[in-house]
Amino acid sequence: MKFEWKGVMPAVTTKFNQDDTLHLKMFRKNIEAQVEAGVHGIVLGGSLGEASTLTAEEKKVLIKETIQIVEGKIPVIMTIAEQATTMALQAVKDAQESGANGLMILPPMRYKSTDYETVEYFKEIARSTELPIMIYNNPVDYKIEVTVSMFKELLELKNITAVKESTRDIINIGRLRNAFGKDLSILTGVDPLALESLLIGADGWVAGLVCAFPAETVAIYELAKAGYTKEATEIYRWFLPLLELDISPQLVQNIKLAEVATGIGTETVRKPRLPLQGKERERVLQVIDAGLKNRPVLPDYKNLNAVNKELV
């Protein structure tokens, strides 16, 4: 599948049964809700998807299940987050054989590699496949930043064409755009900076709270890109307390609670994660409850040309 790195691409959660098996029925329900809302791709096996706890076989199952659900309408992206290059190469092979349309690749896990080691790691993986690649740049959580000079080397490989920009430095979007123009697609990966990022030129949004609120997320993107900044901002301001649940070590638990509240998920996480407890659980539930009570009525964001008069 040929596709563009743009639009809303949910980093979806992985659904589990109480016996720790994959809950594919609820997984399907959530993916169907994402497709219905108009998302532009599905990202599997990220940190929000509890990738570090998934077996290689489970990852294959999730790819194949998602491909069956989306029916070729949107791309299915698999995350590669491994500790060793050989493990990453095998994960790429598995993803490609399972039918993934693209890859999101993290730097080496657990080892803080040098710039040289990081670039060589990405290059070796990219050379092993023809699948299009998005580099995940998140120095806040993973302690490794992919700089402009490193991207200059990486973009020599034709299949590295996008970045999930999660430095939390909004200026970095401008740096990357000035350096590479449209040769590098930029997708913001920080929910509470999403609208700002889109308005200054990001091509898309690899989103987290979209897992529970797909329509609202896509509406913000479509309105922002169509020039309806005021309308996008109104939804975004309502959304912001919820979006901040994404920038937490417990983002998985937070977002799964939100999915339960909107009827498209389960709270079950895989150990060593545990469900939220005590005051923190109460706080998160209050944020979710307040959001639901004030949930906005959305314009027909899928048909903006037909509702110009409504919006202006």
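The second largest pocket is lined by Asn17, Gln18, Asp20, Glu267, Thr268, Val269, Arg270, Lys271, Arg273, Leu274 and Pro275. A pocket here is an open set of points on a 1 Å grid over the protein atoms alone, with protein on both sides within 12 Å along at least five of seven lines; lining residues have an atom within 4 Å of a point. The model is predicted: local features need pLDDT of at least 70, side-chain atom pairs count only at pLDDT 80 or more, and totals for chains, interfaces and linings use all residues. Residues are numbered from 1 along each chain as its sequence is written, and side-chain values use heavy atoms, with hydrogens and water left out.

**Pocket and cavity**

- The second largest pocket has a volume of about 170 Å³. A volume is the space filled by probe spheres set on the grid points, which are joined across faces, edges and corners.
- Its lining divides into 3 nonpolar, 3 polar and 5 charged residues. Ala, Val, Leu, Ile, Met, Phe, Trp, Tyr, Cys and Pro count as nonpolar, Asp, Glu, Lys and Arg as charged, and the others, Gly among them, as polar.
- Lys271, one of the lining residues, is joined to Pro272 by a cis peptide bond with omega of about 20°. Pro272 is found in the loop between α11 and α12 (278–293).
- The structure holds 1 cavity of 30 Å³ or more. A cavity is a set of grid points where a 1.4 Å probe fits but cannot get out.
- The largest cavity has a volume of about 50 Å³. Glu165, Thr167, Arg168, Asp169, Ile170, Ile173, Thr188, Val190, Leu193 and Ser197 line this cavity.
- By class, the cavity lining has 4 nonpolar, 3 polar and 3 charged residues.

**Sheet**

- An open sheet of 8 strands runs in the order β1-β8-β7-β6-β5-β4-β3-β2, with parallel pairing. Strands (E, at least two residues) and helices (H or I, at least four) are DSSP runs, numbered from the N terminus.
- At the edges are β1 (7–10) and β2 (42–44), each pairing on one side only. Two strands pair if DSSP finds at least two bridges between them.
- Neighbouring strands of this sheet are turned by 25° against each other on average, direction ignored. Axes are lines fitted to C-alpha atoms, for helices over the stretch in contact, and angles run from 0 to 180 degrees between N-to-C directions.
- β1 and β8 (residues 204–207) run parallel and are joined by 4 bridges. Pro10 stands opposite Ala207 in β8.
- β6 and β7 also pair in the parallel sense, over 4 bridges. Glu165 stands opposite Thr188 in β7. Both Glu165 and Thr188 are in the lining of the largest cavity.
- From β7 (residues 185–188), Ser185 and Leu187 point one way and Ile186 and Thr188 the other way; all are buried. Buried means under 20% relative accessible area, exposed over 50%, and partly exposed in between (1.4 Å probe, protein chains only).

**Helix α9**

- α9 (residues 214–225) has 12 residues and should span 16 Å at 1.5 Å a residue. The expected span is 1.5 Å times one less than the number of residues. The end C-alpha atoms are 17 Å apart, which agrees.
- α9 is mostly covered, with 9 of its 12 residues buried. These are Pro214, Glu216, Thr217, Val218, Ala219, Ile220, Tyr221, Leu223 and Ala224.
- Just after α9, Gly227 takes a positive phi of about 95°.

**Positive phi outside glycine**

- Lys143 has phi near 65°, a positive value in a residue other than glycine. Lys143 lies in the loop between α5 (139–142) and α6 (148–154). Lys143 is exposed, at 51% relative accessible area.
- Arg168 has a positive phi of about 70°, although it is not a glycine. Arg168 is found in the loop between β6 (160–165) and α7 (171–180). At 37% relative accessibility, Arg168 counts as partly exposed. Arg168 is also one of the residues lining the largest cavity.

**Pairs apart along the chain**

- Pro249 is placed in the loop between α10 (229–243) and α11 (251–261). Pro249 is exposed, with a relative accessible area of 69%. The C-alpha atoms of Pro249 and Asp141 are separated by 9.1 Å, with the residues 108 apart along the chain.
- Lys152 is found in helix α6 and is exposed, with a relative accessible area of 51%. The C-alpha atoms of Lys152 and Phe180 are separated by 8.2 Å, with the residues 28 apart along the chain.
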